[in-house]
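Good morning, colleagues. I would ask you to keep the sequence and the structure in view while I speak.

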Amino acid sequence: MSVLIIAEHDNQQLNPATLHAVKAAAGLGEIHVLVAGSNVAAVAEAARKIQGVAKVLVAEAEYYRHGLAEELAALAVKSAEPYRYLLATASAFGKNLMPRVAALLDVPQISDLTEIVDGNTFVRPIYAGNAFETIQTSSEKVVLTIRAAAFETAAAEGGAAALEQVEAAAEQKLSRFVSQELIHSDRPDLGSAKVVVSGGRALGSAEKFNEVLTPLADVLGAAIGASRAAVDAEYAPNDFQVGQTGKIVAPQLYIAVGISGAIQHTAGMQDSKVIVAINKDPDAQIFNIADYGLVGDLFEIVPQLTEALKA
Amino acid sequence: MKALVAVKRVVDYNVKVRVKADGSDVDIENVKMSMNPFDEIAVEEAVRLKEAGKVSEIVAVSLGGKKSEDTLRTALAMGADRALHIETDEKLEPLTVAKLLKAVADKEQPHILLLGKQAIDDDAGQTAQMLAALMNAAQGMFASKVELTEQEAVVTREIDGGLETVALTLPAVIGVDLRLNEPRFVKLPNIMAAKKKTLEKTSPADLGVAVVSHLNVVRVAEPKARQTGVKVANAAELVDKLKNEAKVI
């Protein structure tokens, strides 16, 4: 029984998402990684070194450059025959691609796993994390996506997998890449940061959001997140959104500033190791899940906290 | 140009669901139900495309028990032209839903298919991509902007780290995200008018699709509860706790 993990990358660097996927798949069988792209030698080399990977399949074609689901799904299906599991992280990449693969193979998918109990039994959140279902399948083949925050990362070094070039699948030409607009930031990636500082609607404006949260995030080396309400009010870009419809995070330390604690938001951060809530409403829901709560005016407390951390 | 919109009846997003005592499922008896919020955005987008003269007819489809009719009436009140109800009380996995929608698409021959990116009950997020695969059509998932030309749908997608724009050959399947639009408030005259619109019934058997189950839910459980924390008096005490008690900084 073996596993094919579809690697996530930008043709130059392997995305840490793949390391989470390798770790999650460790108990399922021999792990192979498929690296599809254009000029991906460096990515293939990085995949080869991941601990626990037995083989790396490399497929090169110009039409794999932008990770279009239509193209990659055709390739994954072509490569799928020897594997029982096809797996990726439930990132935007994995969520886009894997259901297409499952449907083309006419097999079920189980999305966003938080636990792999055994080869047939998986746990996943439903209703925005308000319940967890345990699913069993005896399907001959199954497509899985895993929640990165629920699994550690495999060691990026130490492996020595075999490399195998595989033929590209025929070009599908159903869609074409037009453009991409990535937000560049020197901050750690929200999805994998050890510390996250998130702001809510109580920040009041985009200016205040930055003015109050940036110094705190700087002193902690933290990523900045936001509640959906703050994103909807345009205090922060959508990319910052933590929650059911945003990113799921589980850092060592999560500081929620001026966030009420709606289900939508807590669904995205309740697995953080330590949660701190700063809110002037002592009855805010967020205090029910916070390890440390501080009731008061965030415009006073956050600068004080920033100063205290510098000391 | 014809648009097909799929809508699902789900527990209202404001309801906090409870797990049944026997751990078999969540308890949704006597709970408020609504159209899946992402599907509402899909309907709104179809209606806006029609208002812009890009789309000439909107067909809304729903699958499920008798009450899915209510959800279809909401879609009609929002501006869909007619509705199709695939009536079944069986539990449908996303792959089966995609197969049923494919069967509808084969008959209706829509140019653009709009679906929510996920349903807020099972949170699977699979149906739109699966439907695109079965139709051998292009897919534009997590769409925050849709522009329609004669041959293509140009879709801006929300991806990790930013936005991506792709051009999809028609027919195309679009999975809509939150920021695409704000669904309209439905006014009473529209609700009355919707009652007169056509709502056709069909079944999985009529559509020639077998309802197959691959996945068996063995248990539904509450999430692990977090221990109630403590309130601290000020920033200095908080820093002390984080350093010396939680040891996270």
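I begin with A:Asp106, which is partly exposed because its relative accessible area is 40%. Please bear in mind throughout that this is a predicted model.

What does A:Asp106 pair with? Its partner is B:Lys99, and together they form a salt bridge whose closest N and O atoms are 2.6 Å apart. This pair crosses between chains: B:Lys99 belongs to helix α3 (residues 94-108) of chain B, whereas A:Asp106 sits in the loop between α4 (92-105) and β5 (109-113) of chain A. B:Lys99 also counts as partly exposed, its relative accessibility being 28%.

How many salt bridges are found across the interface of chain A and chain B? The rule finds four. A:Asp291 takes part in a salt bridge with B:Arg226, with 2.8 Å between the closest N and O atoms. Between chain A and chain B there are also 42 residue pairs in polar contact, counting pairs with both residues at pLDDT 80 or more.

I turn now to salt bridges elsewhere in the structure, which holds 32 of them over all chains. In chain A, the side chains of A:Arg124 and A:Glu133 meet in a salt bridge, at 3.0 Å from N to O. Are these two residues buried or exposed? A:Arg124 is buried because its relative accessible area, 3%, falls under 20%. A:Glu133, at 9% relative accessibility, likewise counts as buried.

In chain B, the side chains of B:Glu245 and B:Lys241 form a salt bridge of 3.5 Å, N to O. B:Glu245 is partly exposed, with a relative accessible area of 48%.

Next, chain B as a whole. It contains six helices and 15 strands, and its C-alpha trace spans about 65 × 45 × 40 Å along the principal axes. Of the 249 residues of chain B, 55% count as buried. Among the contacts in chain B with a separation of 6 or more, 68% come from residues 24 or more positions apart.

B:Lys117 lies in the loop between β8 (112-116) and α4 (127-135) of chain B. Is B:Lys117 buried or exposed? With a relative accessible area of 7%, B:Lys117 is buried. Its side chain is joined to that of B:Asp177 by a polar contact of 3.3 Å. Setting aside neighbours within four places in sequence, the residues in contact with B:Lys117 include B:Phe38, B:Met141, B:Phe142 and B:Val176, as well as A:Thr245 from chain A.

Finally, I come to the domains of chain A. The domain assignment gives domain 1 (2-165) and domain 2 (195-310) of chain A. The contact involves five residues from domain 1 of chain A and eight residues from domain 2 of chain A. The C-alpha centres of these two domains of chain A lie 31 Å apart.

The area buried between domain 1 and domain 2 of chain A is about 540 Å², with 54% given by carbon and sulfur atoms. Which residues of domain 1 of chain A lose the most area to domain 2? They are A:Ala128, A:Arg147 and A:Ala149, which together account for 73% of what that side buries.

Between these two domains of chain A, the count of salt bridges is zero. The rule also finds zero residue pairs in polar contact across this interface, with both residues required to be at pLDDT 80 or more. On the side of domain 1 of chain A that touches domain 2, the residues divide into two nonpolar, two polar and one charged.

Thank you for your attention.

Notes
Residues are numbered from 1 along each chain as its sequence is written. Chains are lettered from A and ligands numbered from 1 in the order in which they are written. This is a predicted model: local features need pLDDT of at least 70, side-chain atom pairs count only at pLDDT 80 or more; totals for chains, interfaces and linings use all residues. Side-chain values use heavy atoms; hydrogens and water are left out. Domain bounds come from an automatic or database domain assignment. Contact means heavy atoms within 4.5 Å. Buried area is the accessible area (1.4 Å probe) that two parts lose on being put together, summed over both. A polar contact is a pair of N or O atoms within 3.5 Å; within protein, one must be able to donate a hydrogen and the other to accept it, and residues adjacent in sequence count only if both atoms are side-chain atoms. Ala, Val, Leu, Ile, Met, Phe, Trp, Tyr, Cys and Pro count as nonpolar, Asp, Glu, Lys and Arg as charged, and the others, Gly among them, as polar. Helices (H or I, at least four residues) and strands (E, at least two) are DSSP runs, numbered from the N terminus. Buried means under 20% relative accessible area, exposed over 50%, partly exposed in between (1.4 Å probe, protein chains only).
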